[in-house]
Amino acid sequence: MPHMPASSALQRFRVVDLTQVRAGPTACRQLADWGADVIQVQMPEHMRGDDTLGGQEGSDYQYTHRNKRSITLNLKEDEGIRVLKRLIAGADVVVENFRPDVKFRLGIDYDSLSVDNPGLVYASISGFGQTGPLAARPGFDQIAQGMGGLMSVTGMAEQGPMRVGIPIADLCAGIFAAQGILVALLEREASGKGQWLHTSLLESMVYMMDFQTSRWLIDGEVATQAGNFHPTSIPTGVYKARDGYMNIAVFGSKIWERFCDILGAPEWVSDERYHDKRGRSVNRDSLNAEINRRLAAQDRAYWIERLNAGGVACGHINSVKEVFEEPQIQHLAMVKDVVSQHLGAQRLVGQPMQLERTPSSITRAAPRRGEHSEEILAELGWGAEDLARMKSTGVY
């Protein structure tokens, strides 16, 4: 089965995916979902490590590797490297997340490969960067969350540092790598040249700290944990109505006045404790207690309808199950259907942005290891006898 592009947007590009676990596969999934021919290169079954996100038939692997093809190559054998180099010679992009020294040892670094393919865009993802005192350290999402500062501003102060509930360092590094690849491909249209780009889990986390970094770099203020409440805009956070919790976000003096009116507390606008942003920040605990006391008179649905109608942002706090019961999420059609020839019908979340003329889809379920090896090798020019020999000698 040849390439089945998930979109026409990137279908002219071929991507060689040398990554494993999550950050790199996320980058390649972004490209595959927009139509690139992503060829996932994995070690043969008998040589594989723990690179499959909980098993190839698991939901995590199925979500991360959809829209790709898979080939196995033994990169510990010279012929396996030669096959890989032929594959890369006709590719537009290579994505790898080896330890920084591995690609040089194998002779598949950017400088080596660009001799035969000067237009190659080569993306590297690591834990801490390609050079520097920590470059050789193994990277892991939670380590980057901690070192990048995220855990110091997440959770309740009395509970100590708290990780975010998703692998945000991995995911952001992967998405930034995909963005970098697209930038490099656009630049190549002008220069005709490829280039090496690299990012890391640590860099992605520092960047994602956003306004918390400017609070330190410009204002000299070290951010601390604020729990479920916004660190600088009060009142914004989690509040409790009669039947459970909800989020409310009050930004700006006009919205604050509307909020007070809706809660039946217009006197708060002139109360010296609450009338300006600084006062609300200093007296946040008493204000939050007052807000919860008034919200307790009605259920969430009542408040969510009234507050939104008044221009005050608020909403339910959904479980994962409730997310997909949300009418707006159903309207946005984020869940896509695909059929795996191995596992049957599947439902997966698709891309979060819509291109009206060249939309993304899910045309292919995640492949099994090496499912397309012979197909891809034949595309590269190897015949039946070559394939039989290479199979018998463990090349793929």
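Me: What is the relative accessible area of Gly-192, and how is this residue classed?

Reply: The classes rest on relative accessible area: buried means under 20%, exposed over 50%, and partly exposed in between, with a 1.4 Å probe and protein chains only. Gly-192 has a value of 49%, so it counts as partly exposed. Please note that this is a predicted model, in which local features need pLDDT of at least 70 and side-chain atom pairs count only at pLDDT 80 or more, while totals for chains, interfaces and linings use all residues. Residues are numbered from 1 along each chain as its sequence is written, and side-chain values use heavy atoms, with hydrogens and water left out.

Me: Where in the chain is Gly-192 placed?

Reply: Helices (H or I, at least four residues) and strands (E, at least two) are DSSP runs, numbered from the N terminus. Gly-192 belongs to the loop that joins helix 7 (168–191) to strand 6. From Gly-192 to Arg-369 there are 177 residues in sequence and 34 Å in space, C-alpha to C-alpha.

Me: What is the strand order of the open sheet of six strands?

Reply: Strands of a sheet pair through backbone hydrogen bonds, either parallel or antiparallel. Two strands are taken to pair if DSSP finds at least two bridges between them. Here the order is 3-2-1-4-5-6, and the pairing is parallel. Strand 3 (68–72) and strand 6 (195–200) are at the edges with a single partner strand each, so one side of each has no neighbour in the sheet. From one strand to the next the twist averages 20°; for such angles, axes are lines fitted to C-alpha atoms (for helices over the stretch in contact), and the angles run from 0 to 180 degrees between N-to-C directions.

Me: Which helix packs on this sheet, touching strand 5 and strand 6?

Reply: Contact means heavy atoms within 4.5 Å. Helix 8 (residues 201–208) touches strand 5 (121–126) and strand 6, and its direction makes about 70° with that of strand 6.

Me: How many bridges join strand 2 and strand 3?

Reply: Strand 2 (residues 37–42) pairs with strand 3 in the parallel sense over five bridges. Within this pairing, Val-41 has Ile-71 of strand 3 as its bridge partner, and Gln-40 has Ser-70.

Me: How many residues of strand 3 are buried?

Reply: Five of its five residues are buried. Both faces are covered, with Lys-68, Ser-70 and Thr-72 on one side and Arg-69 and Ile-71 on the other.

Me: What is the order of the open sheet of three strands?

Reply: The order is 7-8-9, with antiparallel pairing. Strand 7 (236–241) and strand 9 (313–316) are the edge strands, each pairing on one side only. The twist from one strand to the next averages 30°. Strand 7 meets strand 8 (residues 244–249) in the antiparallel sense over six bridges, and Val-238 stands opposite Asn-247 of strand 8. Helix 13 (residues 300–309) lies across strand 7, strand 8 and strand 9, at about 155° to strand 9.

Me: Which peptide bond in the model is cis, with omega near 0°?

Reply: The bond from Ile-234 to Pro-235 is cis. Pro-235 is in the loop between helix 9 (211–217) and strand 7.

Me: How many helices and strands does the chain have, and what share of its residues is buried?

Reply: The chain has 17 helices and 11 strands. Of its 396 residues, 47% count as buried. Its C-alpha trace spans about 85 × 45 × 40 Å along the principal axes. Among contacts with a separation of 6 or more, 70% come from residues 24 or more positions apart.
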